[in-house]
Amino acid sequence: MRLPLSSPLLESFLVLARELNFSRAADLLHITQPALTKRIQNLESLLGQALLIRQYGSLELTETGRTLQRYGAALEHQETELLASLVGERTGQLAGFFRIVTFSSALRSIVLPALGYLLRGNPKLSCHALKAEVEELHEMLIAGKVDFCVSLSECERAGIENVQIGIERDVLIESSKYTGRDACYIDHDPRDNFTEKYFLSQTGSTVPRMERAYFDDIYGLMDAVAEGVGRAVVPVHLLDPSMPVRVVPGFKPIDVPVFLHYHHQPYYTRLQQAVVETLLTRCPPLLRTNRLGVELEAAVADDALVAAQSRQRQREQQ
């Protein structure tokens, strides 16, 4: 059994896998929804395995579906690269499209500046950059919704590459204009336990009683601190001397590893290699940015950083 690169069945599946909606996928393919359903059924019959799970009005990819989606995405990247080399692109510039997801404090300040360099140098290259909650990042990569993921912990799923691209240093800040809400701590949402992790890194065992407030956007969160709503743990690289906030004395910074993830493949296109190399080269200095002009205390290593360093030493000894 061989699926040619131009197979309508494979093309239809890839569009549906991206949209996870039969109506939208059919519109994009310029066919009727029953015709799309028939194509997917024929492909599943040809492969002898289910590609989609249909339940409660939603679609999910099966493990086979995810594997086929990655295969198809790799073919698309390779085809784009091949065609660019055959139809007269002699400039050496990259062409194509990729998707990347990261957490809110890294998108505007780290990932965008790093990728901006790559995109400016390659006008025919395009991307879709997304932000998501920390606990959603790995699953978006595993599900095939993105090609690259930047997160704060290693992904334990087999077949996923974990490449450390730097260290984020976080500090506790408060308003320099207003007082009176020292017991209130701000996070992104009730599932966000980063403040608790920060205090455990300081004491090893205890977390103070605290009032809570939530702001989904990291920049809104820092604005809330400036307005005296409460304290928050934020990355140093986001802070600027013009902000009416200050680092709370008596607490140590915490160092958290930042990882780049992507699916392991036997062959990586020039585009994929360029994205990885750009992030590896340009993210570390951005993460080390400190515009505060003050010397911070020695940092405490987050558990994820300790574990990553331990695994690195083990790999070096093998």
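Modeller: Buried means a relative accessible area under 20%, exposed means over 50%, and partly exposed is in between. Keep those cut-offs at hand. The model is a predicted one.

Rings come first. The count of aromatic pairs comes to seven. In one of them, the ring centres of Tyr-262 and Tyr-268 are 5.9 Å apart. Their planes stand at 90°, so this pair is edge-to-face. An angle over 60 degrees is what that label requires. Tyr-268 comes to 23%, so it counts as partly exposed.

The charged end of Arg-108 sits over the ring of Tyr-219, 3.8 Å from the ring centre. Arg-282 does likewise with Tyr-117. Its charged end is 3.4 Å from the centre of that ring.

Now the charged pairs. Side chains of opposite charge can pair when their charged atoms come close. The cut-off for a salt bridge is 4 Å between nitrogen and oxygen. By that rule the model has 17 salt bridges.

Take Glu-174 and Arg-246. Their side chains form a salt bridge at 3.0 Å, N to O. Glu-174 lies in strand S6, residues 160-175, and Arg-246 lies in strand S10, residues 245-247. The pair therefore ties together parts that are 72 residues apart in sequence. The two ends sit in unlike surroundings. Glu-174 has 10% relative accessible area, so it is buried. Arg-246 has 40%, so it is partly exposed.

Next come Arg-291 and Asp-240. Their side chains meet in a salt bridge at 3.6 Å, N to O. This pair also links distant parts of the chain, 51 residues apart. Arg-291 is in the loop between helix H9 (270-287) and strand S12 (300-301). Asp-240 is in the loop between strand S9 (232-235) and S10. Arg-291 is partly exposed at 39% relative accessibility. Asp-240 is partly exposed too, at 26%.

A further pair is made of Glu-19 and Arg-18. The closest N and O atoms of this salt bridge are 3.7 Å apart. Arg-18 is partly exposed, with a relative accessible area of 44%. Salt bridges can also join up. Glu-63, Arg-66, Glu-139 and Arg-157 are linked in a network of them.

Helix H1 covers residues 8-19, and helix H2 covers residues 22-29. Two packed helices are described by the angle between their axes and the distance between the axes. Here the axes come within 9 Å and cross at roughly 135°. H1 and H2 are therefore oblique to each other. The crossing of H1 past H2 is right-handed.

Asn-122 is in the loop between helix H5 (104-120) and strand S4 (124-131). Buried or exposed? Asn-122 has a relative accessible area of 9%, so it is buried. Its C-alpha atom is separated by 24 Å from that of Gln-265. Along the chain, Asn-122 and Gln-265 are 143 residues apart.

Conventions:
Residues are numbered from 1 along each chain as its sequence is written. This is a predicted model: local features need pLDDT of at least 70, side-chain atom pairs count only at pLDDT 80 or more; totals for chains, interfaces and linings use all residues. Side-chain values use heavy atoms; hydrogens and water are left out. Buried means under 20% relative accessible area, exposed over 50%, partly exposed in between (1.4 Å probe, protein chains only). Helices (H or I, at least four residues) and strands (E, at least two) are DSSP runs, numbered from the N terminus. Rings of Phe, Tyr and Trp (its six-membered ring) pair if their centres lie within 6.5 Å; planes under 30 degrees apart count as stacked, over 60 as edge-to-face and the rest as tilted. A charge sits over a ring if NZ of Lys or CZ of Arg is within 6 Å of the ring centre and within 35 degrees of the ring normal. Axes are lines fitted to C-alpha atoms, for helices over the stretch in contact, and angles run from 0 to 180 degrees between N-to-C directions. Angles under 35 degrees count as roughly parallel, over 145 as roughly antiparallel, 65 to 115 as roughly perpendicular and the rest as oblique. A crossing is left-handed if the near helix is turned anticlockwise from the far one by less than a right angle, and right-handed if clockwise.
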